[in-house]
Amino acid sequence: MYPKEYFVEQFADLDTEALLFKLSGDLADNARDAVVTLLGQRGITAGQLDARTKATQKANIRRPRGTIECDYCSNSAKKKPLFDQGQRFCSADCLHAARISEAAVDLSAGQIGALAMRSGACPDCGSSESVIEIRYHYRVVSALYFTSYQRKSRFCCVACGRKQNFKSFLFTFFLGWWGVPFGLIMTPTYLIANLGELWEQRSGGEPSEDLVRLAKFQLAEKAYRLNYR
């Protein structure tokens, strides 16, 4: 493990917003201490860190990427996109999810039921034989100059996740190659991604950041419905 001084040197040239955003992620203890030290040198006290970090997280969620991809899920939003406050979304669901995700930033870790979700039965097959986690599968379909590529998530057990990855692998293998140029570029990338997910257990240690994010989102959505119904 690198000492704190190493991280201080590595992070010294980052601007304050970049440091705050880094602090909101998963950092080793020495790296986190280095970020706190640098922020303290810039006049941000320990009492201000939580509010400033959350404000930076919200700003990042609100940041337009300036591409044809959805600003929430990163899938293609070229066809009939929705626009809101400068951001581009592929659907009304993604727009709604982005705003709920922003509200979820204010929820504390103690409110999150990620561990309970992880140890329950699989929503797809009902099995409790393996840990329930967020698992991803990838699909590409293309024809001539049209290419659609998607990274989708599923809350399920290992067996159900692998079954979905196998289906997505076959789907992409047969339907992904036929577009120029992005079908030829994205198809091998997503085939490899599906193969990688086939052997990803996601079963050890603490709940993944993706599952914690889902738990926070569900809690925020309940609060949102209670306040705005």
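## A tour of a helix pair and an aromatic cluster

Welcome: start by selecting helices α7 and α8, whose crossing is left-handed (the near helix is turned anticlockwise from the far one by less than a right angle). This is a predicted model, where local features need pLDDT of at least 70, side-chain atom pairs count only at pLDDT 80 or more, and totals for chains, interfaces and linings use all residues. Residues are numbered from 1 along each chain as its sequence is written, and side-chain values use heavy atoms, leaving out hydrogens and water.

Helix α7 spans residues 158–175 and α8 residues 182–198; they pack at an angle of about 165 degrees, with axes 9 Å apart. That makes the two roughly antiparallel (angles over 145 degrees). Helices here are DSSP runs of H or I, at least four residues, numbered from the N terminus, and axes are lines fitted to C-alpha atoms over the stretch in contact, with angles from 0 to 180 degrees between N-to-C directions.

Now show the contact side chains (heavy atoms within 4.5 Å): among them are Phe-166, Phe-169 and Phe-173 of α7 and Tyr-190, Leu-191 and Leu-195 of α8.

Next, select Tyr-2, Tyr-6, Phe-7 and Phe-11, which form one aromatic cluster. Rings pair if their centres lie within 6.5 Å; planes under 30 degrees apart are stacked, over 60 edge-to-face and the rest tilted. Tyr-2 and Tyr-6 have ring centres 4.2 Å apart and planes at 15 degrees, so they are stacked.

Finally, zoom in on helix α1 (residues 4–11), where Phe-7 and Phe-11 sit 4 residues apart, about one turn. Phe-11 is buried, at 11% relative accessible area (buried means under 20%, with a 1.4 Å probe and protein chains only).

Notes:
Parallel < 35°, antiparallel > 145°, perpendicular 65-115°, else oblique. Phe/Tyr/Trp six-rings, centres within 6.5 Å; stacked < 30°, edge-to-face > 60°. Buried < 20%, exposed > 50% of the residue type's maximum accessible area, 1.4 Å probe, protein only.
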